[in-house]
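Open the model in your viewer and keep the sequence panel beside it. The tour begins at a surface patch and then moves through the sheet.

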Amino acid sequence: MAEDGMDGLLRQAQELQQQIASVRDQMTVLEVTGTAAGGAVAVTMTPTGEVRSLRIDDEIVAGGRAEVEEAVLLALRDAAAQLREQATERMASLQDVLRSAARF
């Protein structure tokens, strides 16, 4: 019976390791786009904080420097919030495995 328990624990550890690797792989290719000013500003970034693109429509530039700066900041914040949400969702899948392993 101890064998079965140890085998089960080992299987769960391997499953957890695979799920962690899967989440890590998913996060490395993830990109999100944060927007502001009704989509006039868009920032695409990765979980590592790399900004892949920035788009600023002409209509917002006409509003002046302060409006552009505020919209870029809001778009960055939107992208960061989306990244946190994605990470939370992906990590939640690991919690079930951790709970199962804790029963041993």
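Select β3 first: this strand gives the nonpolar patch its largest share, three residues. Strands here are DSSP runs of E with at least two residues, numbered from the N terminus. This is a predicted model, in which local features need pLDDT of at least 70, side-chain atom pairs count only at pLDDT 80 or more, and totals for chains, interfaces and linings use all residues. Residues are numbered from 1 along each chain as its sequence is written, and side-chain values use heavy atoms, with hydrogens and water left out.

Now show V51, L54, I56, V61 and L76 as a surface; together they make the nonpolar patch of about 380 Å². Patch members have over 30% relative accessible area and no salt bridge, and nonpolar side chains are joined within 5 Å. Areas come from the Shrake-Rupley method with a 1.4 Å probe. A salt bridge means a side-chain nitrogen of Lys or Arg within 4 Å of a carboxyl oxygen of Asp or Glu.

Stay on V51, which lies in β3. The bridge partner of V51 is M45.

Next, colour the open sheet, ordered β1-β2-β3 with antiparallel pairing; two strands pair if DSSP finds at least two bridges between them. β1 (32–36) and β3 (51–56) are edge strands with a single partner each, so one side of each has no neighbour in the sheet.

Select β2 (residues 41–45), which is joined to β1 by five bridges. Here A42 stands opposite T35. Five bridges also join β2 to β3.

Finish at the β2–β3 hairpin, where five residues separate the strands and G49 in the turn has a positive phi of about 90°.

Notes
Helices (H or I, at least four residues) and strands (E, at least two) are DSSP runs, numbered from the N terminus. Patches are made of residues with over 30% relative accessible area and no salt bridge: like charges are joined within 9 Å, nonpolar side chains (Val, Leu, Ile, Met, Phe, Trp, Tyr) within 5 Å.
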